[in-house]
Amino acid sequence: MAKEKTVYVCGECGRESHRWQGKCPACGAWNTLAPFTAPSGRRSGGSGTRAGGAARPIPLPAVAMEERERIPSGSPELDRVLGGGFLPGSFLLLSGDPGIGKSTLILQTAAFLARSKKILYVSGEESARQIRLRAERLGLGGADFHIYTETAFRLIREQTLAGGYGAVFVDSIQTVFVETLDSAPGGVGQVRESAAAFLQLAKENEIIVFLVGHVTKDGAVAGPRLLEHMVDAVISFEGDNRHMYRLLRAVKNRFGPAGEIGVFEMCGDGLREVENPSALFIGESARPAPGSAVAVTMEGTRPLLLEVQALITAGGYPPRRTVNGMDYHRLLMLLAVLDKRNKAVFQGKDVFINIAGGLSIDEPAADLAVAAALFSGLRDAALEPAAFIGEIGLTGEVRGVPHLAARVREAAKFGFRSCVIPPAGRGEIEFDGIKAYEVSDVGELISLLS
Ligand SMILES: Nc1ncnc2c1ncn2[C@@H]1O[C@H](COP(=O)(O)OP(=O)(O)OP(=O)(O)O)[C@@H](O)[C@H]1O
Ligand SMILES: [Mg+2]
């Protein structure tokens with residue numbers, strides 16, 4: 001009988017320590033280390049069922065490499081995020097906040113894949129009846145897949161192999177347990193061991209395994225971050241409960257570009273694709289209003305138009321700076337640069353920034369739009385409709401941004417007749433129906449807006 005060995009694993013980041021500590025040495029979280037016992041004789045992190053010595057070194061050119069055919073997911077938006085569809089044997093994780101629509105997405109995907117593959121839908125969260133009711137609501141009552149409300153990995157594996165299933169959907173990994181550990185499902189050890197066991201199931205049998213994972217309040221996948229290292233792709237489902245749209249984002253992808261997004265709308269009959277996300281997010285801004293400017297950000301390879309809104313009011317002391325949807329420190333930096341170059345116009349004023357639609361920007365390329373919105377808000381005068389693209393540096397200079405041509409094209413597609421861009425950007429863009437104004441620093445932007 002192998003001797004049991006206890007290590008302590010951090011529930012936030014997955015770091016292992018040999019002794020218990022109040023604070024995780026890796027991520028600094030308090031009281032997150034929990035004991036985890038794995039039988040000795042193997043490294044913890046495996047499922048314990050793999051026979052060693054099965055693989056041999058092989059020369060690289062001898063490795064078979066036929067291009068595997070991608071299996072469409074039934075949703076062009078999900079396909080885009082996956083890098084063109086599912087690959088056989090891929091091991092994927094869908095993460096997201098409670099109630100965001102994870103079960104809805106995998107149910108819709110399972111129903112579509114069931115047309116070409118045998119699908120097993122494993123649910124430890126909902127009863128078969130609940131799943132049937134949801135399927136009815138989504139208009140998928142006749143979908144040809146099997147529901148299995150089991151949480152023991154051993155049984156899930158047995159059924160998958162015995163039934164010859166080509167894909168297994170698991171809702172959620174936090175409900176699954178392996179019997180070799182006696183801790184409760186959802187704990188660090190169980191999540192990690194079950195995921196390792198599913199990894200082996202996927203790779204050895206070329207089965208698609210699609211796991212749902214809950215996230216903690218700070219956005220990390222609950223249980224160890226280790227889960228993110230194990231899977232081929234981490235797809236996060238984001239959105240705001242007050243808004244109906246949902247963003248699907250490839251946080252990590254071994255089979256395609258990471259950062260790619262898909263946009264959906266949550267409707268009574270399920271998730272619907274949004275073909276023109278820019279139209280959704282700029283919505284009202286076709287009507288010029290004081291304090292509003294349009295930015296073009298890149299989400300993966302897709303340009304997206306967003307409306308930046310600024311409100312400037314007489315401030316108290318100290319003046320307030322409030323942001324919704326962009327980095328607070330980036331706003332402070334932009335205000336400092338604008339004040340330095342332009343007679344401290346924002347000093348003593350309250351400044352509010354909001355990105356319409358509940359979206360957020362994390363790209364410096366939106367700086368020019370933020371600056372334009374700030375000036376428009378300050379003067380309480382609407383800008384001429386234009387898309388603003390460019391980064392602002394500390395000396396007030398406007399810097400080039402990647403994918404300028406794609407951004408300008410997106411703006412043109414949505415009817416913008418002019419755009420404001422960094423200097424020397426003109427060579428990159430076609431002039432079909434859109435006029436490009438180059439600004440080399442903040443001063444030029446201000447004179448252009450006056
Ligand atoms: N009867 C209904 N009509 C319209 N929309 C509904 C209905 N029931 C649920 N929804 C929508 O479905 C969403 C919940 O979807 P889903 O159960 O797929 O989320 P989830 O991410 O799996 O949640 P959990 O974390 O609880 O498992 C809710 O936000 C709600 O808007
Ligand atoms: Mg669910």
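View 1. The model is predicted; local features require pLDDT of at least 70 and side-chain atom pairs count only at pLDDT 80 or more, while totals for chains, interfaces and linings use all residues. Residues are numbered from 1 along each chain as its sequence is written, and chains are lettered from A and ligands numbered from 1 in the order in which they are written. Strand S4 (residues 91-96) pairs with S8 in the parallel sense over six bridges. Strands (E, at least two residues) and helices (H or I, at least four) are DSSP runs numbered from the N terminus, and two strands pair if DSSP finds at least two bridges between them.

**View 2. Strand S8 (residues 208-214) and strand S7 (residues 167-171).** S7 and S8 are parallel, with five bridges; Val-170 has Leu-211 as its bridge partner in S8. Six of the seven residues of S8 are buried (20 or more other C-beta atoms within 10 Å of the residue's own, C-beta atoms being placed from the backbone). With helix H5 (residues 188-205), S7 and S8 form a right-handed β-α-β unit (with the strands pointing away from the viewer, the path from the first strand over the helix to the second runs clockwise).

**View 3. The shell around ligand 1.** Residues around ligand 1 include Lys-102, Ser-103, Thr-104, Glu-125 and Arg-137 (C-beta atom, placed from the backbone, within 6 Å). Helix H2 (residues 102-113) gives the largest share, three residues.

**View 4. Strands S15 (residues 321-324) and S16 (residues 349-355).** The two strands run parallel and are joined by four bridges. Helix H8 (residues 328-341) lies on the chain path from S15 to S16, a left-handed β-α-β crossover.

Conventions:
Buried ≥ 20, exposed ≤ 12 C-beta atoms within 10 Å, placed from the backbone.
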